Amino acid sequence: MTSQHRIRVGLSTASVYPQNTEAGFRYAAEVGYDGVEVMVWLESVSQEFSALRALSKKYGIPVLSIHAPCLLISQRVWGSDPVSKLDRSAQLASDLGAETVVVHPPFRWQRRYVEGFQEQTWRLERDTGVKLAVENMFPMRADRFFGRRTRSAERMKERGGPGPGLTAFAPSYDPTDIDHPHYTLDLSHTATAGTDAMELAARMGDRLTHIHLADGRGASIDEHLLPGHGTQPCAELCQQLAVQGFTGQVILEISTKHARTAAERSLLLSEALQFARTNLEVGVGPTVGEDGIQKP
């Protein structure tokens, strides 16, 4: 693969939680990522252009993308109006030279936001030149209250799909239900939703511009495992992106919250990066262990 076709691999600052935004920049630099995706949330540094620009300069790490503050825990970041928060996210990305804003579909109860969301994503792309990539989500499944991880994953495997669930998103947790300019594909979310990730990627087509590379086993909660540690076609997707000449970004959005030391967290982030870089090379085939799980 020529250097001009090399797919950029970034690190979400959420991947180092419970450490802070600066730690995300620091680990990205130490491990060798191409940049970061900034998760805008309660920490003030994640919300401020000057602070983020200073971190980018300090560690020599560009901001590749901004994740808008649309999590439940960040509902009060930048006020309570989701319309203005998305506008502000796009402006922050533009000011930092970031290419993409990741945003979730609106919650059902955000009626004004729901009504104007499609038009807003297209308008912001026109006005800022930043790509608005709407992310696939997942339903709230009933079995999350009856054994949240391994047992719920086993139940989904036995019945061939997720159990009863309700979507909090409008019109659904599948962003392709609406004509948006660009999409983000999250493989931890496809695991939780019981969605076929490769089929969803095909539906997104050439509007798929952003990947949240992670894994899951089909549990009723969002796991964000290291790629290759769950059931999702992480290697297959990466190899397909390489063959297709994907020009977007691949962001590792994984959980390292159980790491006991900085060295242990660094090893996890290194493993994830190596998995991505290996499988994003043209001509690489999948490596499968005896347990049938794709390995880095």
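Because the model is predicted, local features need pLDDT of at least 70, side-chain atom pairs count only at pLDDT 80 or more, and totals for chains, interfaces and linings use all residues. Residues are numbered from 1 along each chain as its sequence is written, and side-chain values use heavy atoms, with hydrogens and water left out.

Start with confidence. pLDDT is the predictor's confidence in each residue, from 0 to 100. Its mean over the protein chain is 89. A value of 70 or more is reached by 85% of the residues. Residues 286–296 fall below 50. Beyond near neighbours in sequence, that stretch has 20 contacts in the model. A contact means heavy atoms within 4.5 Å.

Next, the overall make-up. The protein chain holds 9 helices and 10 strands. These are DSSP runs numbered from the N terminus: helices are H or I with at least four residues, strands are E with at least two. Of the 296 residues, 53% are buried. Buried means under 20% relative accessible area, exposed over 50%, and partly exposed in between, with a 1.4 Å probe and protein chains only. Take the contacts in the chain with a separation of 6 or more: 75% of them join residues 24 or more positions apart.

Now the barrel. It is closed by 8 strands, in the order β1-β2-β3-β4-β5-β8-β9-β10, with parallel pairing. From one strand to the next, the twist averages 25°. Two strands pair if DSSP finds at least two bridges between them.

Begin at β1, residues 8–12. Because 4 of its 5 residues are buried, β1 is largely enclosed by the rest of the structure. On one side, β1 pairs with β2 (residues 35–39) in the parallel sense over 3 bridges. G10 has G35 as its bridge partner in β2. β1 is also joined to β10 (residues 249–252) by 4 bridges, again parallel. Here R8 is partnered by Q249, and V9 stands opposite V250.

Move on to β3 and β4. Strand β3 covers residues 63–67 and runs parallel to β4, with 3 bridges between them. H67 has V102 as its bridge partner in β4. Strand β4 spans residues 100–103. T100 and V102 point one way, V101 and V103 the other, and all are buried.

β8 pairs with β5 (residues 131–135) in the parallel sense over 3 bridges, and A133 stands opposite H182. Another 4 bridges join β8 to β9, which also run parallel. In that pairing, L185 stands opposite I211.

Axes are lines fitted to C-alpha atoms, for helices over the stretch in contact, and angles run from 0 to 180 degrees between N-to-C directions. Helix α7 (residues 197–204) lies across β8 (182–186) and β9 (208–213). It runs at about 170° to β8. Helix α9 (residues 262–279) lies across β1, β9 and β10, and runs at about 155° to β1.

Finally, the rings. Rings of Phe, Tyr and Trp (its six-membered ring) pair if their centres lie within 6.5 Å; planes under 30 degrees apart count as stacked, over 60 as edge-to-face and the rest as tilted. A search of the whole structure finds 4 aromatic pairs. Y113 and F117 form one that is edge-to-face, at 5.2 Å centre to centre with 75° between the planes. Both lie in helix α4 (residues 111–128), 4 residues apart, about one turn of the helix.

F117 has a relative accessible area of 3%. Not counting residues up to four places away in sequence, it touches L86, V103, H104, P105, P106, V134 and H180. F117 and V83 are 34 residues apart in sequence, yet 7.9 Å apart in space, C-alpha to C-alpha.

Elsewhere, F107, W109 and F169 form one aromatic cluster. The charged end of R26 sits over the ring of Y27, 5.6 Å from its centre. That label needs NZ of Lys or CZ of Arg within 6 Å of the ring centre and within 35 degrees of the ring normal.
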